[in-house]
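Here are some notes to read with the structure open beside you. Take them one at a time and find each residue as you go.

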Amino acid sequence: MNIFHIKIQKENIPIGSILSPILGFIVCITIIIFCGKNPLQALSSLFSGTFTSLWYFGTMLNTATFLMTAGAGSAIALKSGNMNLGGEGQIYLGGYISALVLTSPLRIVWPLKFILALILTLMFGALVAIVSAFLYELRGATVLLTSFLLSAALIPIIDSLILSANSSSGQNLLAFPYIDEKFRFYQLLPPSPFCFSFFIAIAICVITYFFMKHTYMGRTMEIWGKAPEFAKYCGYSSIANSFVSLALSGALHSLTGMFAVCGTYYTCHKGFYSGMGWNALSAALIVSANPLALIPASIVLAWLYTSAERVGLTQGFAFDISGIVQGCILFAIAIPFSLTKKPFRK
């Protein structure tokens with residue numbers, strides 16, 4: 001049967017997903033009202049503060065870059081029927097590999113060195129994700145579980161590699177040396193880290209959409225994600241679906257780590273990945289893995305996270321208000337909601 005003759009149901013973003021960032025916003029406002037030193041000033045800062053400063057506005061767009069790039073990777077995995085929970089470890093690995101290559105004493109012209117770092121970053125991210133695909137096809141191991149466990153194991157390994165690499169030098173033990181200036185992305189809104197990687201991330205979302213909707217492989221993945229038994233009946237390869245989708249997902253997560261190293265931190269330091277993978281997965285789930293809708297959703301979430309962090313700093317909260325907002329959004333996504341269904345299951 002020709003895959004292009006199969007009618008795929010048109011996607012709609014569920015109401016419950018739209019309510020997720022709204023819930024996070026309500027929680028943020030509630031915390032400010034009851035815990036803020038000056039609630040009115042804090043609320044004003046929450047709504048408009050991010051847009052009155054080049055630093056915070058650029059930081060918001062930079063955060064959206066990470067959400068779009070890694071979110072596109074999560075969207076591909078979700079569309080294919082997989083749940084890649086190893087995003088944080090894959091992002092960390094991408095940052096580590098890119099920093100390792102760019103700070104290495106390898107004597108080649110800098111454009112080739114950058115291209116080498118990019119290729120290795122994508123390759124290692126894809127290889128780590130493929131392990132989950134291999135275990136699924138070989139032993140039927142759940143991708144959701146194996147990807148999470150591999151990420152959990154990978155993070156302390158990279159931590160130890162960073163520490164051991166700098167133990168005999170005078171460098172900071174928690175980070176690599178800074179990469180050379182010629183490898184750093186040019187800042188478009190200094191002093192913020194906003195750079196051209198934002199536009200690359202938008203292009204990645206657009207390309208991902210056309211890949212999923214207008215290529216044989218992409219539409220095959222969608223069928224595997226929506227009707228796996230039907231895909232088996234049609235003879236579509238489960239191995240191709242698992243390996244290709246998870247390889248692309250891992251590569252995009254790893255690329256996010258390289259964007260962070262070359263455009264934001266200029267080094268790979270311990271813990272830089274924290275929250276990136278889960279936030280990107282939240283963005284992908286909110287838009288039902290629609291890569292085009294991921295663009296505005298990432299900007300909205302980036303605004304919410306940046307504003308919450310800004311208010312937390314200016315109001316002197318004794319806890320991480322941004323982390324609470326992120327947790328509420330993930331919690332809301334996990335709860336199905338519909339205006340047409342009964343509130344309780346029979």
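The points below go from helix packing to aromatic rings and then to cysteines.

1. Before anything else, keep in mind that this is a predicted model.

2. Let's begin with how helices sit against each other. Two packed helices are described by the angle between their axes and the distance between the axes. Take α3, residues 54-79, and α10, residues 238-265: their axes come within 7 Å and cross at roughly 170°. An angle over 145 degrees counts as roughly antiparallel, so that is how α3 runs relative to α10.

3. Now look at who touches whom in that pair. On the α3 side the contacts include Phe66, Gly73 and Ile76, and on the α10 side they include Leu248, Leu252 and Phe259. Thr65, Thr69 and Ser74 are also among the α3 residues that meet α10, where Ser245, Ser249 and His253 are among the partners.

4. How many aromatic pairs does a search of the whole structure find? The count is 15. One of them joins Phe198 and Phe199, edge-to-face, with 5.4 Å from centre to centre and 85° between the planes.

5. Tyr209 and Phe210 make another edge-to-face pair, with centres 5.6 Å apart and planes at 90°. Tyr209 has a relative accessible area of 21%, so it counts as partly exposed. Phe210 is partly exposed too, at 44%.

6. Tyr92, Tyr265, Phe272 and Tyr273 form one aromatic cluster. Separately, Arg184 lies over the face of Tyr266, at 4.7 Å from the ring centre.

7. Last, the cysteines. A disulfide is a covalent bond between the sulfur atoms of two cysteines. How many disulfides are there, if a pair of sulfur atoms has to lie within 2.5 Å? The count is zero. As for where cysteines sit, Cys268 is buried, with a relative accessible area of 0%. Cys234 has 17%, and because buried means under 20%, Cys234 counts as buried as well.

Technical notes:
Residues are numbered from 1 along each chain as its sequence is written. This is a predicted model: local features need pLDDT of at least 70, side-chain atom pairs count only at pLDDT 80 or more; totals for chains, interfaces and linings use all residues. Side-chain values use heavy atoms; hydrogens and water are left out. A disulfide is a pair of cysteine sulfur atoms within 2.5 Å. Buried means under 20% relative accessible area, exposed over 50%, partly exposed in between (1.4 Å probe, protein chains only). Rings of Phe, Tyr and Trp (its six-membered ring) pair if their centres lie within 6.5 Å; planes under 30 degrees apart count as stacked, over 60 as edge-to-face and the rest as tilted. A charge sits over a ring if NZ of Lys or CZ of Arg is within 6 Å of the ring centre and within 35 degrees of the ring normal. Axes are lines fitted to C-alpha atoms, for helices over the stretch in contact, and angles run from 0 to 180 degrees between N-to-C directions. Helices (H or I, at least four residues) and strands (E, at least two) are DSSP runs, numbered from the N terminus. Angles under 35 degrees count as roughly parallel, over 145 as roughly antiparallel, 65 to 115 as roughly perpendicular and the rest as oblique. Contact means heavy atoms within 4.5 Å.
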